[in-house]
Amino acid sequence: VQLQASGGGLVQAGGSLRLSCTASGSIFNINAMGWYRQAPGKERELVATITSSGRTTYTDSVKGRFTISRDNAKNTVTLQLNSLKPEDTGLYYCNVRHRASLFSSFRDYWGQGTLVTVSS
């Protein structure tokens with residue numbers, strides 16, 4: 001399974017960006033999809049996740065500003081980032097939990113990271 005992310009960039013505070021990530025390869029069953037971010041000098045943190053049934057979770061700092069969605073037919077997860085703040089700056093990684101068969105365990109796959117920079 002390969003993940004290709006896109007959509008990062010430089011934006012002023014209060015602006016918006018849209019991140020997308022598409023999974024390709026030998027895909028059998030994707031469970032959760034999500035986005036994580038890593039700010040300079042900090043550990044990677046969860047931003048948002050969405051299950052195959054559409055249930056979403058968000059870290060508190062992005063609630064009401066970011067929206068995660070997915071297209072199961074296209075194996076794509078999207079993160080809409082609104083009202084961006086300088087503290088949202090970081091590398092954003094998409095994550096997919098996938099299993100290769102009904103008898104396999106789920107494992108995590110990661111995209112290459114896309115940079116989001118929010119200027120004040």
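How exposed is D108: buried, partly exposed or exposed? Select D108 to find out. At 29% relative accessibility, D108 counts as partly exposed. The cut-offs explain the label, because buried means under 20% and exposed means over 50%. Keep in mind during the tour that this model is predicted.

**Stop 1**

**Stop 2**

How many salt bridges does a search of the whole structure find? The search finds five.

Select R37 and E45 next. They form a salt bridge, and the closest N and O atoms are 2.7 Å apart. Compare the two ends. R37 is buried, with a relative accessible area of 5%. E45 is partly exposed, at 33%.

R37, E45, R65 and D88 are linked in a network of salt bridges.

Move on to K63 and D60. Here the side chains meet in a salt bridge at 3.0 Å, N to O. K63 counts as partly exposed, at 49% relative accessibility. D60 is exposed, at 61%.

**Stop 2: the disulfide**

Select C21 and C94 and show their sulfur atoms. A disulfide joins this pair, with the sulfurs 2.1 Å apart. The disulfide count comes to one. What do C21 and C94 link? They link distant parts of the chain: C21 is in strand β3, C94 is in strand β9, and they are 73 residues apart.

Look along the S-S bond. The torsion about the bond is about 45°, so this disulfide is right-handed. Next, check the surroundings. C21 counts as buried, at 0% relative accessibility. C94 also has 0% relative accessibility and counts as buried.

**Stop 4**

Start with a general point. In soluble globular proteins, nonpolar side chains tend to be buried together.

Now select W35, V47, F66, L79 and Y92. These residues have the most contacts inside the largest nonpolar core, which has 26 residues. Which element gives the most? The answer is β3, with four residues.

Zoom in on Y92. Leave aside residues up to four places away in sequence. Among the residues Y92 touches are W35, V47, F66 and L79. Y92 also touches R37, the buried arginine from Stop 2. Other residues touched by Y92 include L19, L81, G113 and V116.

**Stop 5**

Switch to a surface view. Select F28, L102 and F103. Together they make a nonpolar surface patch of about 410 Å².

Where is L102 found? L102 is in the loop between β9 and β10 (107-110). F103 is found in the loop between β9 and β10 as well. L102 is exposed, with a relative accessible area of 57%. F103 is exposed, at 80%.

Use the distance tool once here. Pick the C-alpha atoms of F103 and Q80. They are 34 Å apart, while the two residues are 23 residues apart along the chain.

**Stop 3: two backbone angles to check**

Again, a general point comes before the selection. Most residues other than glycine have a negative phi.

Select N75. Its phi is positive, about 55°, although N75 is not a glycine. N75 lies in the loop between β7 (66-71) and β8 (76-81). N75 is partly exposed, with a relative accessible area of 21%. Buried means under 20%, so N75 does not count as buried.

Finish at S83. S83 also has a positive phi, about 50°, and is not a glycine. S83 lies in the loop between β8 and β9 (90-99). Its relative accessible area is 41%, so S83 is partly exposed.

Note on methods: Residues numbered from 1 in each chain as written. Predicted model: local features only at pLDDT ≥ 70, side-chain atom pairs only at ≥ 80, totals over all residues. Heavy atoms only, no water. Helix = DSSP H or I, 4+ residues; strand = E, 2+ residues; numbered from the N terminus. Buried < 20%, exposed > 50% of the residue type's maximum accessible area, 1.4 Å probe, protein only. Core = buried A, V, L, I, M, F, W, Y, C linked by side-chain atoms within 4.5 Å. Contact = heavy atoms within 4.5 Å. Patch = residues over 30% accessible without salt bridge, like charges linked within 9 Å, V, L, I, M, F, W, Y side chains within 5 Å. Areas by Shrake-Rupley, 256 points an atom, 1.4 Å probe, with all protein chains shown as cover. Salt bridge = Lys/Arg side-chain N within 4 Å of Asp/Glu carboxyl O. Disulfide = S-S within 2.5 Å.
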